[in-house]
Each structure stands twice: as C-alpha cells, then as structure tokens.
Amino acid sequence: MSMLSQTLMLAGRGVARLFEPPAHSRRFDARRRLARHWLWTVMLGGIAIIALMALVDAPEIRLMPPRGTASLWPFRIMTDFGKSVYVLTVLGLGTLLVFLSSAFMKNVARTRMIGLSRRLAFLFLAVLVPVEAGEVLKGIVGRGRPFVGGAADAFHYSHFAWTEAYASFPSGHAITAFALAFALASLAPKWRIAIWAYAAIIAMTRLVLLAHHPSDVLAGALVGILGAMAVRYWFAARHLIFTIAPDGAIKVARDGPAGG
C-alpha cells in the first residue's frame, strides 16, 4: 500500500472517530461543567446584551465617524482578519495541505504532521459550528445595522428578513474572532493574552466601521465562545486532542491516545 493510500485511510479513520459515540470515562463530569458554564454565560450575557441595547447602542453609534471616512482604512484592513470566509478557508486548506504532506514523511515527522492537521481541523470546526449557528440567528432576529432606516434606532428589526441590511445581530466577525480565540487559547494557553487581544481588536473594528452595535458584538462573542466550547467538549469526549480532568475540566492531552 502506498504512503498516499495509507494517509487517506488514516483520514477516513479520523473522520469516523469524530462521529463515533463518546467514550471518555469522565465525559459526564465535563458535560455538567460545560452546562454550568453555558448557563451562567447565557444568563449574564443576556442581561448585559439587554442593558447595552437599552443604554449604550444608540449613543455609541452616534459617536462613530461616518461610513466611508477615508482615515478608517486601517480598520477596514484589520476587520478582514475576522471575516469567517477568510478564516475558514485558511484553516480548511491548512488542514488539508498539512495532512496530505504527511504522506511524504516518515516516523516522527509524519506523526507530528498528522497531529498538527488534527489541531487545525479542531480550529476549523470550532469556528464553523458557531458561525453557522450565527447565520441562522441573524436571519431569525433580523436586526437592522446601525442607521438602517436613517435613525440611530437600536430596536429596528425585520424578523426573518434574511438580508445583509438586517443581519446585525449577532456580529459574524465577532463570532469568528472569539470562537477562534477560544479554540487557540485552549490549544496554547500561554499565548492567551495575545490571542484574546486579537479578538478584542476585531470586535472594536466592527464598532468603528458602523457595521454593528455594541450588543451585536457582545452577542457574537458569546455565540463564538459557546460554540467553540461545545466543539472542544465533542473532541474531548472522544479522546481527540483533549483529555478530561477529574473535576471535569478539559485540557490538552500531551501524549497517549487522548491526543488523538
């Protein structure tokens, strides 16, 4: 059997493992911990979102420079680093290229490349799942973007509109940035300050460019984080990349079968 055939067989096994029944002995502890985090995040986040809508959204967008202001070009460049299609394309192609390149390597190098491809696949799914959930929420909620309709109205809605003008809540860029930040921080906690700074910068650009209200950005951050948390649990429950501590905390598996 050729190296390429072996690699493709490994790919099939990896996909199969991703959808097999969970087997980690401590998965119920992790699930309870995840449920608690979800509950508190949704409760406190929901209160904060309502407060922003009522008190902050309209005054904040009035303070921002008009759309199309020439001096905002740096923000237009920065904001693209949180665009879901770009992030997902890079992660998806990166996963594929790294995995296929492992076919031409041997022993330790091959094992490392396969491990890297699994981590890239985790990042891809950790972003994809909340992004798709966010797209559904955008269409259902149908919140108008800042100044759609001509006024600084934080409560301008057209439910089930499924149009770009009424796709303000939640912010897709914030979903992407915070989902990616959570997933990256899960894999590399030592870099978490820089990682979360990236997400905060993306969120700030959406406000400055009048693409979203503050509550849209907060909602996007919550959707991104909650979605990435669910994907991380899915991997950990199947002994992929992560392991589960006795208290239910999910951590990166350094070696052994839990590393995937």
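Predicted model: local features only at pLDDT ≥ 70, side-chain atom pairs only at ≥ 80, totals over all residues.
Visitor: Let's start with a pair of helices. At what angle do helix 5 and helix 6 pack, and how far apart are their axes?

Guide: Helix 5 covers residues 84–101 and helix 6 covers residues 107–141. The angle between them is about 155 degrees, and their axes lie 8 Å apart.

Visitor: How should I read that angle: are the two helices roughly parallel or roughly antiparallel?

Guide: Angles over 145 degrees count as roughly antiparallel. Helix 5 and helix 6 are therefore roughly antiparallel to each other. The crossing of helix 5 past helix 6 is left-handed.

Visitor: Which residues of helix 5 and helix 6 meet?

Guide: Here is a handy idea to begin with. An α-helix has 3.6 residues a turn, so residues three or four places apart point the same way. Now look at the contact itself: on the helix 5 side, the residues include Ser84, Val87, Leu88, Leu91, Thr95 and Val98. Among their partners in helix 6 are Ile114, Ser117, Leu120, Phe124, Val127 and Val131. Sorted by class, this contact has 15 nonpolar, six polar and no charged residues.

Visitor: And how do helix 8 and helix 9 cross?

Guide: Helix 8 (residues 192–208) and helix 9 (residues 214–237) have axes that come within 9 Å and cross at roughly 145 degrees. Helix 8 passes helix 9 in a right-handed crossing. From helix 8, the contact uses Trp196, Ala203, Arg206 and Leu207, while helix 9 brings Pro214, Val217 and Ile225. Those residues divide into six nonpolar, no polar and one charged.

Visitor: How many residues of helix 9 are buried?

Guide: Helix 9 is mostly covered, with 20 of its 24 residues buried. Ser215 lies in this helix. A residue counts as buried under 20% relative accessible area, and Ser215 is buried because its value is 0%. Leaving out residues up to four places away in sequence, Ser215 touches Ile49, Leu52, Met53, Asp57, Arg143 and Phe169.

Visitor: What about Ile47: is it buried or exposed?

Guide: Ile47 is in helix 2 (residues 27–55). With a relative accessible area of 58%, Ile47 is exposed. Ile47 and Tyr86 are 39 residues apart in sequence, and their C-alpha atoms are 32 Å apart in space.

Definitions and conventions:
Residues numbered from 1 in each chain as written. Heavy atoms only, no water. Axes fitted to C-alpha atoms, helices over the stretch in contact; angles between N-to-C directions. Helix = DSSP H or I, 4+ residues; strand = E, 2+ residues; numbered from the N terminus. Left-handed = near helix turned anticlockwise from the far one by under 90°. Contact = heavy atoms within 4.5 Å. Nonpolar A, V, L, I, M, F, W, Y, C, P; charged D, E, K, R; others polar. Parallel < 35°, antiparallel > 145°, perpendicular 65-115°, else oblique. Buried < 20%, exposed > 50% of the residue type's maximum accessible area, 1.4 Å probe, protein only.
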